[in-house]
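Subject: Structure handover

Hello,

Please find the structure below. My notes on it follow.

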Amino acid sequence: MKANYAFGDDGVTGYINVTGSSVITNYDCALVKDVAPTTVSSIKWIYNNEDGNVEMLDRNSITIADTYLDSYNNPNVNIQLYDQNNNPIDLTGYTVTMGDDTIATGTVYGPDNNLVALTRHKVGATAVTIKDPTGRVVKNFVLNIVSSVVPPTDITLDAININTTIGTSGNINATVSPSNATDKSLTYTSANPNILSVAADGSWEAKAEGTTTVTVKTANDITKTITVTVTSPISVQLKNIPGYTDRTIVPNDQVNIKTDYVNTYGSHDLDFKYYDKASAEVNPTAYTVTSSDPTVIATKADIGDNYVRLAVQGKAGSSVITIKDAKGNIIRQFTVNVAQGAILPTGVTVANSAVTTKVASTGSISATVQPANATNKTLTYTSSNPSVLKVNADGSREAMNNGTATVTVKTSNGLTTTVTFTVQAYFSTILEQGNFNPDKASGGPVTYYDSIADLSASDNITLTYNTLDAKVADATQTNGRRQFIFYVDGNPVNFNTDYSFSITNQTVLNSDISNNTEGARALGHIEVKVTRGTSKITVTRTSDGKVVKTINVTVQ
C-alpha cells in the first residue's frame with residue numbers, strides 16, 4: 001500500500017497513516033474503487049513567495065495573510081498535481097469548487113500552465129475541492145485567509161500621575177502592546193492645554209497652575225489617562241505688613257489695602273519675596289512683574305536685596321499684578337484692591353420734599369448724599385403706606401391708590417430725610433345713579449334714583465336696593481339699573497378702547513344687560529342690574545394693563 005494514499009469512492013476518505021513500506025494489519029477495510037494510484041502522486045503549493053514549493057498531499061489546510069502574493073506578485077495560491085514520474089499532470093477537464101467564493105475563487109488552468117489558482121478576496125475560511133475529469137475528488141482542504149493587521153490591545157505608561165511645576169517640560173513614555181502590533185501610533189490630548197500643553201510626540205510643557213489630564217490613545221481607540229498637577233516653582237510672600245504676619249499669596253488672591261497704606265518701614269510700598277520649594281530665597285530678577293493699572297499700583301526697580309516692591313500710588317482702585325517666568329508663563333496672578341479711607345455721609349437731600357401725583361403714575365425719588373466723595377452712598381427707601389405709594393430699592397416709585405404716604409430716605413449710617421406724597425384719584429369724577437324709564441315708547445320721563453355725586457376718591461360704597469332695581473325691560477319700559485360713569489379731566493372715558501372693567505360677583509352687579517351697549521361704554525358707562533350682596537368693580541388701563549380704580553360695592 002502506498003503511504004498516505006486515499007481509498008473510498010470519494011477518493012479522499014480512508015487515509016491511513018503509513019510510514020514507508022510499513023504493514024498495517026489492524027484495519028478492517030475493503031477496496032471499493034480503484035482510484036488510480038499512478039495518477040496523482042504529489043500535490044504541491046507552488047510559487048510560494050515565502051516557503052517555496054510545499055507538498056500538499058498530507059496537508060488539510062493552507063493559511064495565508066490577506067496581503068499574501070505569490071512569486072509573480074499575484075494574490076494567488078497556486079496548486080499543481082504531479083504523476084508518479086514527478087511530471088505535472090494535464091489538468092484538462094479538472095475542476096475546483098470553493099465552499100465560499102466571496103472569500104476566494106478557484107480557476108483551473110489547462111495544458112499551458114496545468115495549475116489550480118486560488119485567488120484571495122477577503123479574510124475568512126473556505127473549503128477547496130479539486131476533482132479529476134471523472135468527478136473523482138483528488139484533494140479536499142481548507143484555505144484560511146487571516147488578517148495581516150495586528151491591532152493594539154493595551155498601552156503601558158511609565159507613570160499615571162505627573163506632578164510638576166510651571167515651565168518644566170518632559171515626555172510621556174508609552175508602550176503599545178503587543179510588540180508586533182501593526183500600527184503603534186499614539187495620540188496625546190491635554191484636557192486643558194492652558195495648564196499643560198502636549199505635542200504629537202508626547203513631549204509636554206507645564207504652562208500654568210492647576211490639575212488636568214492627558215489622554216493617550218491608540219489608532220483603534222484604546223485609551224489611558226494621566227493625571228497632571230502643576231504648581232508654581234516659587235511661593236510669593238507679602239512681607240512687612242503692619243500688625244500682621246507674612247502672607248503667602250495664593251492664585252487669584254485679593255489683597256485689600258487703603259490709599260494711606262504704610263509698611264513697617266514707613267514706606268508706601270508692598271514688599272514681596274520669592275521662595276523655592278525648599279523655602280530658600282529666590283533672586284526675583286528671573287521673573288517679570290507687571291501692574292494692570294500703574295496709577296493705582298506701580299512696579300519699582302530692583303535694588304538687589306531680593307525684594308520685589310510695588311508702590312501704592314495713593315489712588316483708590318484695583319490693579320492686577322502678574323508675575324511671569326522667562327518663557328512668559330504666568331507664575332502668580334493676584335489683585336490689589338486699594339480703598340479710600342472711609343468717608344461717612346454727613347447728610348442726604350431730596351429734590352422735592354412734597355410731591356402730588358395721580359394713581360398709576362410712576363417716577364423716581366431724586367436723592368443726593370453729602371459729601372460727594374462719601375465712601376458709601378447707598379440709600380434705602382421706605383414707604384409708610386405701600387398700598388398708596390410703592391417704592392423700590394432703587395428709589396423708583398409707583399402710585400397705587402389715592403391717599404397720602406411718606407417715604408423715608410436713609411443713608412448707610414442712618415441719616416434720614418422724607419418725601420410726602422399726596423396721591424390723587426385717577427378719575428376726576430365717578431358718578432353713580434339709578435336709571436329707569438317707565439315709558440320707553442314715548443321716551444320718558446326717566447326716573448333717576450339713589451344717586452351719588454362723586455366716587456372718585458372712594459374705594460367703598462353702599463347702595464340701597466330700590467324696587468325700581470327689579471324692573472325688567474319690555475316693550476313699555478327699560479331695565480331698572482345702576483349707572484357708574486367715569487371721567488378723566490372732565491371727559492368721559494371710553495370703555496371700548498382705552499379702559500376695561502371686571503366685576504367679581506355678577507349676581508350682585510350684573511353687566512350682562514341690554515343697556516350695557518357699545519355706545520354707553522364709549523361714554524364712560526358701566527351699567528348693571530343689582531341685587532343685594534357685595535361685589536367689586538376693577539378698572540384697568542388698556543395701554544399698560546395697570547389697575548387705575550377699584551370700588552367695593554355693597555347693595556343692602
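A nonpolar core here is a set of buried Ala, Val, Leu, Ile, Met, Phe, Trp, Tyr and Cys residues joined through side-chain atoms within 4.5 Å. Buried means under 20% relative accessible area, exposed over 50%, and partly exposed in between, with a 1.4 Å probe and protein chains only. The model is predicted, so local features need pLDDT of at least 70 and side-chain atom pairs count only at pLDDT 80 or more, while totals for chains, interfaces and linings use all residues. Residues are numbered from 1 along each chain as its sequence is written, and side-chain values use heavy atoms, with hydrogens and water left out.

Cores

The largest nonpolar core has 44 residues. Ile-365, Phe-427, Phe-484, Phe-486, Tyr-499, Leu-509 and Val-553 have the most contacts inside it. Strand S47 (residues 547-555) gives the most to this core, four residues; strands (E, at least two residues) and helices (H or I, at least four) are DSSP runs numbered from the N terminus. The core lies between domain 4 (347-421) and domain 5 (429-555), because both give residues to it. Apart from it lies another core, of 43 residues, including Ala-181, Tyr-261, Phe-334 and Val-336.

With neighbours within four places in sequence left aside, Leu-509 is in contact (heavy atoms within 4.5 Å) with Ile-503, Val-528, Lys-529, Val-530, Ser-535, Ile-537, Val-553 and Val-555.

Aromatic residues and charges

Rings of Phe, Tyr and Trp (its six-membered ring) pair if their centres lie within 6.5 Å; planes under 30 degrees apart count as stacked, over 60 as edge-to-face and the rest as tilted. By this rule there are ten aromatic pairs. One of them is Tyr-426 with Phe-427, edge-to-face at 5.1 Å centre to centre and 85° between the planes. Tyr-426 is buried at 9% relative accessible area, and Phe-427 is buried at 2%. Phe-495 and Phe-501 also form an edge-to-face pair, at 5.6 Å and 90°. Phe-495 is buried, at 6%, whereas Phe-501 is partly exposed, at 22%.

A charge sits over a ring if NZ of Lys or CZ of Arg is within 6 Å of the ring centre and within 35 degrees of the ring normal. Lys-358 lies over the face of Tyr-426, 5.2 Å from the ring centre. The charged end of Lys-44 sits over the ring of Tyr-82, at 5.1 Å from its centre.

Overall form

The chain has one helix and 47 strands. Its domain assignment, with bounds from an automatic or database source, includes domain 1 (42-146) as well as domain 5; the C-alpha centres of these two lie 110 Å apart. The C-alpha trace spans about 145 × 100 × 45 Å along its principal axes. Buried residues make up 40% of the 556 in the chain.

Backbone

Most residues other than glycine have a negative phi, and most peptide bonds are trans. The bond between Gln-370 and Pro-371 is cis, with omega about -5°, and Pro-371 is in the loop between strands S32 (367-370) and S33 (379-383). The bond from Gly-444 to Pro-445 is also cis, with omega near 5°. Ser-279 has a positive phi of about 70° and is exposed, at 57% relative accessibility. Asp-450, in strand S39, has a positive phi near 50°.

Regards
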